Amino acid sequence: MKLKEILHYTYIFPALAVLYYFTGLMGAGTVSDIVAGILLTGSVLSAVHHAEVVAHKVGEPYGTIILALCITIIEVALIISLMVAGGDQALTLARDTVFAAVMIILNGIIGICILVGGVKYFEQYFARTSATTYLISIVSILVITLILPNFTSSVNGPYYNNAQLIFVSIACLVIYGVFLMVQTVRHRSYFVPQDDDTETHYIPTNTQTLVSFLFLVVCLVIVVLLAKGLSGTIEDVVQSMGAPKSLVGVIIAGVVLLPEGVAAIRAARNNKIQSSLNLALGSALASIGLTIPAISAVSIMYDIPLVLGLDKKDIILLSLSVFIVMLSLSRGKTNVLYGTVLLVNLAAYIFTVIVP
């Protein structure tokens, strides 16, 4: 690689962030937190760049799958580490984090993408079959994992027993595995933009792709580590506002999803709404379809009680979000109203977290 490429901000920010984190400079005060926030933002933008390099090389839909899986793996690692160390306070951690991620993706990322594309292009078109394929998988897993636990009777409360956790985990993996087969083999055409002209654009070399993939992983890891390191400061700010602690999970989930969100919004601005939906819906499906089996395994191994069932308010908000997304994507084209309504749903969710 040329020296000019090595000195690009997408390599400098992750390197500085890793150095800053592992030298123990975090947590020294307000200035330290501001520096960490700047490095976190730079690492997020770097992750988007490296994800796009990988996507250009492997093509759709493989590029979006790689980014979704990377973010999900890091999200799972963060949740598991907090679960093992959190004791009783970790009872609802996994549920709240997964729920926050799904709500942010369905309402926030998709909403902004549709709104941005609608403002610039009035209408954008995508394959309805791809949206339908995503949504039937997402809805099934959402109901099985976050709603059904409230109505089972083997144990009291919004819990699953071990046998039920094993069954639900297998069900999630089966749905996600078959979905990947459909997306990459059987019906790959559903998820590839009809006007995809990637082949006429710059294609990175194998070396550039490998370096970008490695830096993508580094960026995603350091984003989560910095977010975790800043969680204490965020929690203090939330407490000073008098807001519930669950808002901390929403903020951290938002930070973890930033790389994918920025990439999806950028695709919408470039009139590639199909790629935006692949990123957003693919991330939502991977987030819940892979996270629940992983945390269920940890729950069984370490005998940690795991609350999965949502309360009535959250069930209503989740149902509203899924219903609006299904209607918005049912016609194969978008406009600004769909995006606006989804963003209002996100505002309602965040507002009811702050003011329950």
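Accessible areas come from the Shrake-Rupley method with a 1.4 Å probe, and for residues only the protein chains shown count as cover. The structure is a predicted model in which local features need pLDDT of at least 70 and side-chain atom pairs count only at pLDDT 80 or more, while totals for chains, interfaces and linings use all residues. Residues are numbered from 1 along each chain as its sequence is written, and side-chain values use heavy atoms, with hydrogens and water left out.

**Figure 1. Surface and overall form of the chain.** The chain exposes about 16100 Å², of which carbon and sulfur atoms supply 69%. Its C-alpha atoms fill a box of roughly 60 × 50 × 35 Å along the principal axes. Buried residues (under 20% relative accessible area; exposed means over 50%, and partly exposed in between, with a 1.4 Å probe and protein chains only) make up 50% of the 356 residues.

Figure 2. The chain contains 13 helices and zero strands (DSSP runs numbered from the N terminus: helices are H or I with at least four residues, strands are E with at least two). The mean pLDDT (the predictor's confidence in each residue, from 0 to 100) is 86, and 94% of residues reach 70 or more. Confidence is lowest in helix 1 (residues 3-6), at a mean of 61, and highest in helix 12 (residues 312-328), at 96. Where pLDDT is low, the predicted coordinates should not be read in detail.

Figure 3. Ser130 lies in helix 6 (residues 128-147) and is buried, with a relative accessible area of 1%. Leaving aside residues up to four places away in sequence, Ser130 is in contact (heavy atoms within 4.5 Å) with Tyr190, Phe191 and Gln274. Gly332 is 202 residues from Ser130 in sequence, yet their C-alpha atoms are 9.5 Å apart.

Figure 4. Most residues other than glycine have a negative phi. Phe122, in the loop between helix 5 (93-121) and helix 6, has a positive phi near 70 degrees. Phe122 is exposed, at 67% relative accessibility. Asp303 occupies the loop between helix 11 (273-302) and helix 12, and its phi is positive, at about 55 degrees. Asp303 is also exposed, with a relative accessible area of 67%.
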